[in-house]
There are 2 protein chains.
Amino acid sequence: MSRFWSQTTKNIKPYVPGEQPKDRKYIKLNTNENPYPPSPRVLEAIRLAADETLRLYPDPSGDTLRDAIASPFGLARENVYIGNGSDELLAFCFPAFFEPEGLPILFADITYSFYPVYAQLFRIPYRLAPLDAQFNLSVEDYLQENGGILIANPNAPTGMGVPLESIEKILRYNENNVVVLDEAYVDFGGESSVGLIARFPNLLVVRTLSKSYSLAGLRVGFALGGKELIEGIIRVKDSVNSYTVDRLAQAGAREAIRDDAYFQEIKSKIVRTRNRVASRLENFGFRVLPSQANFLFVSHPQTPARILFQKLREQGILVRFFDKPGIDNFLRVSIGTDGEMDLFLKAVARICENEAL
Amino acid sequence: MSRFWSQTTKNIKPYVPGEQPKDRKYIKLNTNENPYPPSPRVLEAIRLAADETLRLYPDPSGDTLRDAIASPFGLARENVYIGNGSDELLAFCFPAFFEPEGLPILFADITYSFYPVYAQLFRIPYRLAPLDAQFNLSVEDYLQENGGILIANPNAPTGMGVPLESIEKILRYNENNVVVLDEAYVDFGGESSVGLIARFPNLLVVRTLSKSYSLAGLRVGFALGGKELIEGIIRVKDSVNSYTVDRLAQAGAREAIRDDAYFQEIKSKIVRTRNRVASRLENFGFRVLPSQANFLFVSHPQTPARILFQKLREQGILVRFFDKPGIDNFLRVSIGTDGEMDLFLKAVARICENEAL
């Protein structure tokens, strides 16, 4: 605490990302990064951009990157905006669309834990909609008066998807409120709502290149939606930072999107590995939530998650443990390469056997 | 306007950066970019970082870059924080240190026009302190009750510096309020306040690599100050975006700071060119404000700035014109290479002669 901080800064509980350890080499299954490198075409594009004109500001509106993103979705440039990671775009949604003196916005009690932090920073009131015992979202919770809605689909840290018909019901009921769908993990098997944009001007879909495009280190996310919502995001961006996506990131991201063959290939690999690891964990007696993401959310009937987390860490394997009521006996395990996951499975089997003795 | 926008988004007047034209090739003297490329060591560092691990998130606390910045100033890592350009860090200061329900913060009526935009976005009340007829800041204006202070030193778009003794007086009077000094242009001849950090825990100095380090396209800025202020900035950063500076930017910026010889060389070149161009313009009859920055703020007694701006543009030379009372007969001219400035001077002479006919 400091006397120089504002009340907001004193009260806020900032988001804590998964650790990026420096003490030793780990098998890193804790931040949902992609185990495969980005397309070689991305690196080539970055090299070219670095040699060109780093002394000049980037295009503040990112038009060529927006075009590259829009095209495969059959959307126009005006339906797309880019950000320094999807976190930034999600943050911009709060002052853009939600009212500090308005009705509370809604999001799940178990979801991306950054949402309540954004709300605190921008002083937006919010109400938590509890998931059911199976970690499913209850559509009825979102068919009530509210100041806006945020849904991660697939959800984090569960990996579970929300059916498109539920999303559509929510969009229809909330035609005067903005509904933000955080599709950070959708490429790994979720049902995307992008197809609903043409019919629902209240829908904003937020995506990232950090996971499925292997570009967590480059920081590029994008938002898709009707022209009015995109303009709202741009107004906020132009009130914070004229140039949020640097030249190298714009060039690299453009090429990542264009190399669709590479994208499809690594995406399929990760889905195959995920499904194999899920079966193996079930054979060990784990409860494994049905994941549409590049991670698994798992719980063992005998070995507490906290113990598993610690013992794995000692063996050089990092996973994510959330010390939070309702999910504190679960681990979130990012999907690595087949080799990494075999080492993970071996370590898990060993720990569970020892604990059972 | 859209029914989906918040009141804040409807009311705000976003900042408009100088144009990044795509229609033809211009001599670009409109956004204070550096005419020289960054150090070759920067490009090499970026290439290495791209080949390494773009699939992994960057270090969220940017420790090695912070160390590289801290060292030449004789500061510690805890006195430094990095951002996606200095604009982002300036934006973070508003929720970090200023109160929506508190006293108005203070900044000059003629200064970086992003300040009132940040205040609007974060709903911080502000009061403008008018510059005098010579565009000097009046210290007395800042020796009054306030909720915080922002000063650009050297100021933009005038290029004029504030003496260190005035800054010290302001810091001493405001020991319970945060004073943010925006030193974006200080490397070109301003007096830096970094030496005052040890004595004034209420001082935060914000810098950028966009101008003096030729890295506008990479988006890196930094803040220097006491531990408590740096922690305040970090709390806000961790409430918006865990990783604001990507891997390539961290690697490139580190090397830019380390290559001090290159930095000194291009900085001196720009200062020499600026002083030469200033004399020439004075010979043409221009009023040229005394600049400590990499631009000149100039006014011609006969030829209106608006006309000069338009005619220069027609001739392929972009400068910046602010259509704002008090400065609407001035042009802000960024310092390019000697060759570019000779073409600029020729064009100006031609336009002024024709207008005088």
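Mentor: The side chains of Lys227(B) and Glu231(B) meet in a salt bridge, with N and O 3.2 Å apart; the term denotes a side-chain nitrogen of Lys or Arg within 4 Å of a carboxyl oxygen of Asp or Glu. Because Lys227(B) and Glu231(B) are four residues apart in helix α7 of chain B, about one helical turn separates them. Helices here are DSSP runs of H or I with at least four residues, strands are runs of E with at least two, and both are numbered from the N terminus. Lys227(B) counts as partly exposed at 41% relative accessibility, and Glu231(B) is likewise partly exposed at 34%. Buried means under 20% relative accessible area, exposed means over 50%, and partly exposed lies in between, with a 1.4 Å probe and protein chains only.

The model is predicted, so local features need pLDDT of at least 70 and side-chain atom pairs count only at pLDDT 80 or more, whereas totals for chains, interfaces and linings use all residues. Residues are numbered from 1 along each chain as its sequence is written, chains are lettered from A and ligands numbered from 1 in the order in which they are written, and side-chain values use heavy atoms, with hydrogens and water left out.

A second pair within one helix is found in chain B. Arg66(B) forms a salt bridge with Asp63(B), the closest N and O atoms being 3.3 Å apart. Both residues lie in helix α3 (residues 63–73) of chain B, three residues apart, about one turn of the helix. Here Arg66(B) is buried, at 7% relative accessible area, and Asp63(B) is buried as well, at 13%.

Over all chains, a search of the whole structure finds 40 salt bridges. One of them joins Arg276(A) and Asp338(A) at 2.9 Å, N to O. This pair links distant parts of the chain, with Arg276(A) in helix α9 and Asp338(A) in helix α11 of chain A, 62 residues apart. Arg276(A) is partly exposed at 30%, as is Asp338(A) at 34%. Also in chain A, a network of salt bridges links Arg41(A), Glu255(A), Arg258(A) and Asp259(A).

Helix α9 itself covers residues 260–283 of chain A; its 24 residues reach 35 Å from first C-alpha to last, close to the 34 Å expected at 1.5 Å a residue, the expected span being 1.5 Å times one less than the number of residues. Among its buried residues are Tyr262(A), Phe263(A), Ile266(A), Arg274(A) and Leu281(A). The buried residues of α9(A) pack against α2 (40–53), β9 (287–288), β10 (295–299) and α11 (338–356) of chain A. After the helix comes Gly285(A), whose phi is positive, near 100 degrees.

The loop between β9 and β10 of chain A holds Ser291(A), which counts as buried at 12% relative accessibility. The side chain of Ser291(A) reaches the backbone nitrogen of Ala293(A) at 2.9 Å and the backbone oxygen of Phe295(A) at 2.6 Å. Beyond its neighbours within four places in sequence, Ser291(A) is in contact (heavy atoms within 4.5 Å) with Gly159(A), Arg274(A) and Leu296(A). Arg274(A) is one of the buried residues of α9(A).

Returning to chain B, helix α7 (227–237) is also one of the elements that supply at least two residues each to the side touching chain A, others including α2 (40–53) and α8 (247–258). Across this interface, 85 residues of chain B are in contact with 85 residues of chain A. The two chains bury about 7,200 Å² between them, 53% of it on carbon and sulfur atoms; buried area is the accessible area (1.4 Å probe) that two parts lose on being put together, summed over both. In chain B, Phe4(B), Arg55(B) and Tyr57(B) lose the most area to chain A, together 12% of what that side buries.

The rule finds four salt bridges across the interface of chain B and chain A. Asp51(B) forms a salt bridge with Arg47(A), with the closest N and O atoms 2.7 Å apart.

Conventions: A polar contact is a pair of N or O atoms within 3.5 Å; within protein, one must be able to donate a hydrogen and the other to accept it, and residues adjacent in sequence count only if both atoms are side-chain atoms.
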